[in-house]
Amino acid sequence: MDTGQKAKKQKQNNAGSAIVTVLVVVTFVTILATVLLYISGMNFQMKVADYRTKESFYQAEIPAEELRAQLVKDVEFAFAQAYTAAASEYAGLSSEGNREANYRQRFCEEFDRIWRQRCGLVPGSSTEYDWSHGITSVLLTPATGSTWGMDEDGRSVLLSAATDGYWILDAAGTALDVSKGVSDGQIVLQGVTLIYDSPSRYSSIISTDYCITIPHINWSETYEPEGAPTGPGAPGESPAPAATPEPLYFDGNYSGCVNYMNWTKQ
């Protein structure tokens, strides 16, 4: 066989090699595209899960912030009552420590009275207060008029007005501790647990205590009431009485008096 015939036969034997090359390339591209699609899909699912988790967490925060806002209002009211009473007894208490202790005691009593009145007693009990009722009475209520109900575990449950999600308040260990109010100047609303279950079945659980700091007044300092007479009267008149010293007033930052403590999220 001459050289020309051998070359012609080799060309004939190469028939179909292009198809093999194309199949290899197509297979490689298919595998690469499949991997990229899988990675993109996983990334998308992770972002969706992260979004829904954050959404659930923010929903769980809503009643937590609602409760904090109410506590700020309670601090303002209790302060007004305690300050008025303590200021009226200012002159009769000789030392700064006695004045501060008297003021703190009145604040604690007023704050405790507000919450015990709000909670009410558990039906059938003369000593146990219904903290679920007290807390849910100040939390958000949907515009639909829905009210807090109870689940099979005795927890308060509220359906969301906008979605199929729902909030759960677990107040089994809740209590208002005023025992250190006079000594440390702090009251603690402890053991509040709020749960939100989203329509997509993502749950967030927030457990926290609320630390209420009694507004500080520097009872050792005094100021002259604005417009009070301090000097002698006009010629021929009796000298004007000196202004009565009064305690230095609180600066009005009630929001700074209520803070989260032992805050956890699951």
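The accessible surface of the chain comes to about 16,200 Å², with areas from the Shrake-Rupley method and a 1.4 Å probe; for residues, only the protein chains shown count as cover. Carbon and sulfur atoms hold 55% of this surface. The model is predicted: local features need pLDDT of at least 70, side-chain atom pairs count only at pLDDT 80 or more, and totals for chains, interfaces and linings use all residues. Residues are numbered from 1 along each chain as its sequence is written, and side-chain values use heavy atoms, without hydrogens and water.

The chain has 5 helices and 9 strands. These are DSSP runs numbered from the N terminus, with helices (H or I) of at least four residues and strands (E) of at least two. Their order along the sequence is α-α-α-α-β-β-β-β-α-β-β-β-β-β. Of the 266 residues, 32% are buried (under 20% relative accessible area, 1.4 Å probe, protein chains only). Contacts are heavy atoms within 4.5 Å. Among contacts between residues at least 6 apart in sequence, 61% join residues at least 24 apart.

Glu100 lies in helix H3, residues 96–119. Glu100 counts as buried because its relative accessible area is 13%. Its side chain makes a polar contact with the side chain of Arg104 at 2.7 Å. Such a contact pairs N or O atoms within 3.5 Å; within protein, one must be able to donate a hydrogen and the other to accept it, and residues adjacent in sequence count only if both atoms are side-chain atoms. Beyond four places in sequence, Glu100 touches Ile217 and Trp219.

Ser204 belongs to strand E6, residues 203–213. Ser204 is buried, at 1% relative accessibility. Leaving out residues up to four places away in sequence, Ser204 has contacts including Thr53, Phe57, Tyr196 and Gln266.

How values were computed. Buried means under 20% relative accessible area, exposed over 50%, partly exposed in between (1.4 Å probe, protein chains only).
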